[in-house]
Amino acid sequence: MTDKERESLNNEELNNTETAGESSERTSEPAAPSESGAPVLSEMKRDGETPAKPNKEKKPAAAAAAPGPAPKAWSNGSSKVWMAIALVLAVILVIVLIKPPFNSGSNPAVATVNGTDIKKDKLYDALVEAGGTQTLDSLITEELVTQEADKKGIKVTDADITKEMDDIKKGFSSEEEFQMALQQSGMTEADLKKQMNMQVQLRKLLEPEVKVTDDDIKKYFDENKDSFNTPEEVKASHILVKTKEEAESILKQLKDGADFATLAKEKSIDPGSKDNGGDLGFFAKGVMEAPFEEAAFKLQKGEMSGIVQSSNGYHIIKVTDRKAAHTATLDEKKADIKETLITQGISTKASTWIADLKSKAKITNSLDDSANAATDSTASAGTADTAANTTK
């Protein structure tokens, strides 16, 4: 990662931390690690921070050229935090795996270029310069939080981790969308799960300090009422082919009694749905290309279209289910809103809480002299206060 990229990432992280819980326009951007090194709890909600509301926008034109009827778009706002985590993780994993040269007399070559060695100490120094200070600060923060959790007898169970993961997944409209976000961030679900221990600790430490009233919940619901509502949706399968002649042949087979899913697996050129028998899941208006959408929403459950042309080719569509539009009520959403407001409150408190925790700790940081100076100064001030009180 270049200096410019690190600077950009750091600026984004600070901006996200400063605006956590305030912006109603951003699309679910969980707060990234703050200036204090605190990986502020991820909210992972969408559309003005409403719970479990997918941001269904039309797929960008560049991506729509891929085979298929312009499948559901996923909110790239939530991916920013995973991008940040992935980059930090990459530095952590590599630096931790490399044994520092000053702890060992061994300095083997890790690569050779035309017979010239690149030594392990050179790699280590480069990694430290690239992000070592930030990474070490994150590890210090993690240790401080763990120590504080231990003092208060806080335990993290497998059930806690599972719940935290489930809460994050609620921010996505499907498992496929969640996996796509992880893939875009260069992470696996196992990588993400490893980060949940500190998330749970922070939640358990700070949640008792966050108070959410019924008035708070009602105000939030009233301000975001439209985003809680569910639009009309259809569930459809399709078979996509390149030519009209192919589509006509397949349509004839279907009318003669051929199985739709079987033909989709055999004939469709849409890689995203063919293995599932052409199934696209539920989608609302404004997600698919106009010709495809218009044809699908005209069909009733169990009905099949004729040949529908889009920019990707020729489709035959079958609607397998429908959902009517639904207007949400406060009672339906009360629990979700309370959870969202609590998470926002924790995110707001986390940075200050971590900074205060650091100011009271004795920290030795070999990569950051200023941090040592600040810690020593705080410790000296505390000693002076104790001495002054003793002499009174």
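Predicted model: local features only at pLDDT ≥ 70, side-chain atom pairs only at ≥ 80, totals over all residues.

Me: What makes up the chain in terms of helices and strands, and how much of it is buried?

Reply: The chain has 15 helices and six strands. Of its 392 residues, 43% are buried.

Me: Why is the pair Asp137 and Lys358 called a salt bridge?

Reply: The rule asks for a side-chain nitrogen of Lys or Arg within 4 Å of a carboxyl oxygen of Asp or Glu. In Asp137 and Lys358 the closest N and O atoms are 2.6 Å apart, so the pair meets the rule. The two residues link distant parts of the chain, as Asp137 sits in helix H4 (residues 120-151) and Lys358 in helix H14 (residues 330-359), 221 residues apart.

Me: Are Asp137 and Lys358 buried or partly exposed?

Reply: Buried means under 20% relative accessible area, and exposed means over 50%. Lys358 has 14%, so it is buried. Asp137 has 22%, so it falls in between and counts as partly exposed.

Me: What makes Asp117 and Lys119 a salt bridge?

Reply: Their N to O distance is 3.7 Å, and the limit is 4 Å, so the pair counts. Asp117 has a relative accessible area of 39% and is partly exposed. Lys119 is partly exposed as well, at 33%.

Me: Which parts of the chain does the salt bridge between Lys169 and Glu189 tie together?

Reply: The closest N and O atoms of Lys169 and Glu189 are 2.9 Å apart. Lys169 is partly exposed at 23%, and Glu189 is partly exposed at 28%.

Me: How many salt bridges are there in the chain?

Reply: The count comes to 15. Elsewhere, Lys163, Asp167 and Lys170 are linked in a network of salt bridges.

Me: How do you know what span to expect for helix H11?

Reply: The expected span is 1.5 Å times one less than the number of residues. H11 (residues 244-255) has 12 residues, and the expected value is 16 Å. From the first C-alpha to the last, H11 reaches 16 Å, so the span is close to the expected one.

Me: Why are the buried residues of H11 said to line one face?

Reply: Ala247, Ile250, Leu251 and Leu254 are buried in H11. Seen down the axis of H11, the buried residues fall within an arc of 105 degrees, so they line one face of the helix. An α-helix has 3.6 residues a turn, so residues three or four places apart point the same way. On the other side of H11, Glu245 and Lys252 are exposed.

Me: What do the buried residues of H11 pack against?

Reply: They pack against strand S3 (233-241), helix H12 (260-267), strand S5 (304-310) and strand S6 (313-323). After H11 comes Gly257, whose phi is positive, near 110 degrees.

Terms used. Residues numbered from 1 in each chain as written. Heavy atoms only, no water. Helix = DSSP H or I, 4+ residues; strand = E, 2+ residues; numbered from the N terminus. Buried < 20%, exposed > 50% of the residue type's maximum accessible area, 1.4 Å probe, protein only. Arc of directions from axis to C-beta. Contact = heavy atoms within 4.5 Å.
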